[in-house]
Each structure stands twice: as structure tokens, then as C-alpha cells.
Amino acid sequence: MLFAFLWQQLQATRVGYSVGKAQQELKSQRDRNAYLRMELERLSSPERLESYARERLGMAPPTPESLVFLGSAVQRPDDSRMVSLLVR
Amino acid sequence: MRQALRLQICAAICLLPAVPVAGRLVLLQVVRHAGLQSKVQSRTERAALEIIPRGRILDREGRILAQSLPAWSSTVDCDLLQDPESAARRLAGALGMPLAVVREKLASGRRSVWLKRKMSYEETARLRKLKLPAVAIVPDEQRAYPNGDLARPVLGAVRLDGGGASGLEFEFNRALSGRSRKVELTRDVAGEPIVLEDPAAAAAPAPSNLRLSLDRNIQFFADSAIREAVLEYRAKRGMVLIQDPSNGELLAMASFPADPMKNAAVQDVYEPGSTFKIVMAAAALESKAVAAEERIDCENGRWELTPSVAIKDHEPMGPSTLPEIVQHSSNIGSGKIGLRLGPKSFLRYCRLFGFGYKTGLPFPAESAGLLEIPGGDEGRTDPVRLANAAFGQGLAVTPLQLVGAYSAVANGGELLEPRLVLGLESEAPRPPLKLRRVFTPETAASLKAMLELVVQKGTGVTAQIPGYRVAGKTGTAQKLDPATGKYSPTDYISSFAGFAPVGAPKFTILVVVDSPQGKHYGSEVAGPVFAKLARQMLALRGIPPELPLPLAPARSRGRSVADAIPSGAATVPAKRKSPPASRPSLPRPSLLKSGG
């Protein structure tokens with residue numbers, strides 16, 4: 001009886017240790033994550049993306065003229081005649 | 001018998017060593033219990049400081065505009081330092097601080113000094129490696145803005161202690177505020193924590209995040225456009241506001257120079273100049289003060305209102321209709337209509353548009369503007385002040401008020417509550433709030449037509465965008481020179497307010513450039529900025545053109561495709577909802593011609 005109780009206490013302390021370790025690990029990983037998320041936001045900020053796209057990739061911002069809009073047929077796929085056209 | 005005695009002596013000898021042990025136990029557990037217990041507790045149960053970070057500020061899509069990062073601050077206990085010189089050298093190396101600064105801190109004479117506040121993750125790790133017992137590291141937090149200066153005047157700043165100092169950080173300080181709390185922990189001899197309770201019960205409450213109506217990309221366009229314009233014209237400052245006229249949400253709010261302590265678009269006022277003529281025109285149409293075809297004499301560019309005050313026009317005009325007056329931005333025509341409306345009626349419409357009052361935007365130190373015509377509310381007419389007010393001089397508005405007025409025109413006459421904050425992330429979003437109807441949809445349609453004419457062939461041609469119908473108004477206001485109390489001959493405020501596409505307006509843009517040098521007309525300075533932003537918005541939102549693109553005959557411009565097509569044409573749906581024709585295609589140019 002006594003041994004069983006002592007054994008239980010020992011196990012509780014042992015598990016308590018690992019929970020404490022895990023919590024510390026969690027906290028430090030969360031902090032790290034916050035830093036990395038920040039880095040991600042900073043790297044994907046429009047200012048950086050724009051200069052990267054412009055200078056490194058040679059891209060240019062689209063103008064309204066460079067967009068091609070498909071006709072109303074594509075915008076309204078629920079129309080039965082359109083559907084039959086597409087099926088064919 | 002002897003045997004039994006021998007056994008007892010043996011047992012007594014065996015138990016003898018237990019006596020002092022028992023005595024010691026009694027001494028420790030009973031006699032000195034309280035003192036020892038507290039000694040143990042002070043070693044094992046330590047309160048740890050836990051920081052619950054300040055909430056994030058997000059854009060409308062949930063992209064981070066402001067975030068708190070865990071940071072650490074370090075203090076040093078100078079009494080515990082054995083070798084200050086070598087410690088200073090090692091600390092300076094680990095923290096990247098000048099050696100002289102560290103030395104000075106350690107020699108300050110106080111026992112405890114802040115070594116460095118808001119240290120980064122890496123700095124803290126390096127400091128921990130030094131294992132200096134005199135140095136204590138405490139958790140802290142640091143506010144970070146991943147997009148740099150983007151929207152900084154809107155976001156504001158936080159103080160060193162973490163409280164909001166200006167902008168939204170200040171206004172929503174309570175909701176955003178992070179807290180620090182003490183957590184009781186049991187630790188072993190080495191200081192490792194042992195968790196003996198349910199960790200879920202001790203879980204930290206999450207901070208609330210603030211979601212704005214701003215769109216990070218659109219804000220970026222606005223920030224860059226106004227920065228470029230201010231630098232190009234060596235102007236004093238500039239503001240850009242972009243609003244969705246259907247729900248009042250502000251998509252961008254930019255000012256340059258970007259000062260986190262001041263948001264010019266909400267807190268500053270300016271004389272609106274001709275962009276304010278929209279109020280005069282709305283009042284004239286609503287109160288039917290001017291008949292549709294009526295011509296008002298614009299005096300060929302010079303009108304002596306009183307013997308000492310003459311009003312001049314940029315473009316001299318003869319008798320003109322209201323649309324022509326707006327189109328060519330005639331001050332004389334506007335002044336005459338203002339006088340005809342009378343001060344009471346004019347002021348009433350100004351107030352209906354919300355001028356002279358705060359919009360109630362949740363932002364610190366919003367300005368109400370300045371709407372004053374002496375004696376106007378009693379019906380006494382000060383002709384000079386009234387005529388001036390009709391073309392936007394002698395009164396002051398905030399950019400926020402003006403963009404709201406143009407949104408009212410764009411959405412058919414309803415003044416909406418401007419919205420910058422959609423709410424806390426945890427709350428359900430609030431629907432847009434209609435403040436009041438300022439004018440009828442018919443008046444709105446006439447105003448739209450006038451503003452479209454301004455861009456087609458009036459003062460606003462620089463705001464044209466091929467393929468789209470754009471409506472807007474230029475403004476070139478003279479600035480009061482504070483030194484002389486008179487209007488400056490060199491300093492102007494150039495502005496442009498407008499919206500697109502006219503058929504179904506998706507955005508209202510206001511551009512204000514204060515004191516541009518070299519050029520000063522709203523059409524030259526602010527018009528191109530408007531066009532640039534509008535083109536970016538159209539491309540970003542993928543808004544299809546309303547008009548046949550530049551290949552089509554020029555005379556169909558200014559008319560929507562639907563208007564230009566005869567209603568009986570076989571390949572064109574008669575109503576919007578009817579099924580599309582068997583061969584869906586854009587209308588052929590020949591059809592357009594027959595319609596025009």
C-alpha cells in the first residue's frame with residue numbers, strides 16, 4: 001500500500017517534469033513562430049514584393065488594358081443552353 | 001527466559017540508531033516546521049512573469065499590419081558584478097552595443113540598471129550564453145510593423161511601456177492591450193519547472209485582434225502614389241483616401257510625410273476649393289433653384305461682387321448652364337448660384353453632407369472642419385463670404401468629410417458612416433450604417449453626369465481612363481498665408497475627388513496635394529494621381545471595361561455599351577436577366593455605330 005502510494009507520487013513528479021519541459025518548449029516554439037510569421041509578413045509586404053518583382057524578375061504592374069475579360073457566357077454558367085454547349 | 005532477554009537486548013541495540021533519527025525528524029518536522037517550510041517554498045515555488053501579448057492589427061483580409069513580438073529586457077545588478085570591465089566587454093559584444101555605453105551604465109552608481117530593453121530573440125540567446133549571475137532577463141514585448149511605413153499615420157505608435165500613444169493603437173488601447181500576469185510554478189533545485197496542476201486551467205486568455213477596413217495592397221498603392229506626388233512637386237504634404245461608396249468602408253488612408261503621431265486625412269483641415277462645388281450643385285438641383293436649361297451669366301471671367309471684391313474665373317465664360325459651370329469650374333457661376341440659394345439653404349446642404357461635424361470615426365482627435373458664414377443661420381447674407389463658400393473658399397473640411405460627400409454622389413445620394421475599423425476579430429461584423437439621404441437618386445444621376453462631363457471635356461481630362469467612365473472634380477484652392485492673412489499668390493492646394501466606374505461605382509478616391517511647387521492646378525497635379533490609382537484599382541479588382549476599348553470609334557465614348565445598342569438587336573439580350581444569345585460575344589462595332 002505504502003509502496004503503491006510512493007510509486008504514484010514518483011510517477012506524478014516525473015510526468016510533471018516532462019510537462020514542464022514540454023510547456024517551456026511550447027513557449028519557445030511559439031515565440032520562434034511569432035518571429036518567423038513576422039519575417040514572412042515582412043518578406044511578403046507589398047513594398048518588398050514590388051521591388052523584387054520589378055527589379056529582379058522584370059515584371060510590371062498590370063493595367064486595365066492588359067486584362068482580358070471573357071464574355072457573359074463564362075460568368076453565367078447556370079444557363080442551361082450554355083451548359084449544353086459546354087457538354088458538347 | 002534468558003533467550004528471551006537476549007533477544008530483547010538485541011532488538012534494542014538494533015533499534016538504537018533509530019532514536020536520534022526519530023529525534024531529528026521530530027525536530028525538523030514538528031519544532032522547526034514553519035521556518036523550514038517557508039524556506040523550501042521560497043526555493044521551489046517561484047512566480048514567473050508571463051506576458052500576454054498586445055493584439056494584432058490586421059487589414060481586411062487578415063494580413064498583419066501591426067504585431068507584438070516577444071522581446072526581452074535585461075537588467076544588471078551592479079553589486080553582484082565582480083569584474084565590471086570584463087563584464088562590460090562581454091555584454092557589449094553580445095548585445096551589439098558600444099562599449100562606452102555599457103561601461104557608463106555599469107558605472108552609473110545605481111544598484112540596478114536597465115541594460116537593454118526590447119532585445120531580440122538572438123540577442124537574448126547570446127546574453128543567456130554568457131551566464132552572468134548579475135544579469136537578469138525579464139520578458140517584455142515589442143511592437144513591430146512588418147510593412148514598414150505602410151499606413152503608419154493610421155496605425156499610430158505605442159509607448160515604450162506598451163500602451164498606445166497615437167492613432168488606432170491609442171483609440172483601441174483597451175481592446176488591444178496585452179497584460180502580464182504572474183504564474184505560480186513549482187521548481188526543483190535546478191530551477192526546472194514541475195507542473196503539478198492541470199495546465200488547461202492556467203491557459204492564458206488570448207488577446208483581441210483588430211480588423212481594419214483597409215486593404216494592404218490598396219493602401220500600398222495610395223502610400224506610394226502620394227509619396228511620389230509630394231516628392232515630384234516638392235509639396236508640403238499630401239493625402240489620399242479611397243472609399244467603397246457602397247458601404248462606406250475606407251480601403252486606403254494615406255498621408256505623406258508619414259507621421260505615426262498624426263493622421264492628416266482625419267485630423268487636418270484644408271480649404272477644399274472647387275471640389276466643394278458639388279454641394280452647391282446638389283443644393284441647386286434639390287431645391288430647384290436653377291432650372292435645367294437655365295443659363296447663368298458668367299460675366300466673361302470677371303465679376304465685381306462688391307466694389308472692392310472681384311471674382312475671377314480661370315476660363316472666361318458667357319451665359320452657362322449648371323452642368324457647364326461645374327464642367328469648367330466657374331467660380332462666378334457658382335457664386336451666383338450660392339447667392340441665389342441664400343445662406344440658410346446653402347448651410348443646410350453643407351450640414352446634410354456632414355461638413356462642420358465630426359464623422360464619428362473611431363480615431364483620436366478627429367477634426368470637425370470649419371463651416372461658418374457669419375449671420376448665415378439667421379438668414380443675413382454676407383455676399384462675399386457666401387459666394388466664396390459656394391466655390392469652396394473660406395471654409396475648411398477634412399479629407400474624410402469630402403470623400404464621404406463624393407461617395408454619396410456615387411451611391412445615389414446616401415451619406416454613409418465612414419468605416420476604418422471593421423471590429424474586433426472575435427466579434428461579429430457590424431453591417432454598414434446609412435446616416436441619411438442627402439439628395440434624391442435623380443439629383444445623384446444629374447450630379448454624376450456633370451462630374452463625368454468634367455472628366456470627359458472639362459477641367460478633369462487628366463483623370464480619363466480608356467475604356468471606363470470616370471466622374472470627378474478638380475480643385476485648386478488658394479491658401480491663406482498666415483503671415484499676411486491674405487490668400488497666397490504662390491501656395492495652392494490641388495485636389496481631385498472622383499469615382500469610377502460611373503455605371504456601378506466601386507471606389508471613390510480623393511487626392512489632396514498641399515502647396516505643390518511648379519504646377520498648381522488640381523488637373524495637373526492631383527488628376528494624374530487619381531488616374532494612376534484608379535487604374536491600379538481597376539486592374540486589382542478586375543473590373544471589366546464599361547466602354548469598348550480604344551479600338552472602337554471615338555464617338556461612342558461617354559456612353560455605356562448597353563446604351564449604345566438598339567434594344568431590338570438580335571444578338572443582344574433585351575434584359576439583363578434573359579439568357580445570353582447563342583453566340584455570346586461582345587457587340588460588333590457596326591451595331592455600336594447604328595446605336596450612336
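1. The largest nonpolar core has 129 residues, a core being a set of buried Ala, Val, Leu, Ile, Met, Phe, Trp, Tyr and Cys residues joined through C-beta atoms within 7 Å. B:Val240, B:Leu241, B:Ala252 and B:Leu533 have the most contacts inside this core. Helix H19 (residues 522-541) of chain B gives the most to it, with nine residues. Apart from it lies another core of ten residues, including B:Ala94 and B:Val135.

2. Please keep in mind that this is a predicted model: local features need pLDDT of at least 70, side-chain atom pairs count only at pLDDT 80 or more, and totals for chains, interfaces and linings use all residues. Residues are numbered from 1 along each chain as its sequence is written, while chains are lettered from A and ligands numbered from 1 in the order in which they are written.

3. Have a look at B:Ala252: leaving aside residues up to four places away in sequence, its contacts (C-beta atoms, placed from the backbone, within 7 Å) include B:Leu214, B:Phe221, B:Val240 and B:Leu241.

4. Chain B has 21 helices and 20 strands (DSSP runs: H or I, at least four residues; E, at least two). Of its 596 residues, 43% count as buried, with 20 or more other C-beta atoms within 10 Å of their own. Among chain B contacts with a separation of 6 or more, 71% join residues 24 or more positions apart.

5. Over residues 72-88 of chain A, pLDDT stays under 50.

Notes: A residue is buried if 20 or more other C-beta atoms lie within 10 Å of its own, exposed if 12 or fewer, and partly exposed in between; C-beta atoms are placed from the backbone. Two residues are in contact if their C-beta atoms, placed from the backbone, lie within 7 Å. pLDDT is the predictor's confidence in each residue, from 0 to 100.
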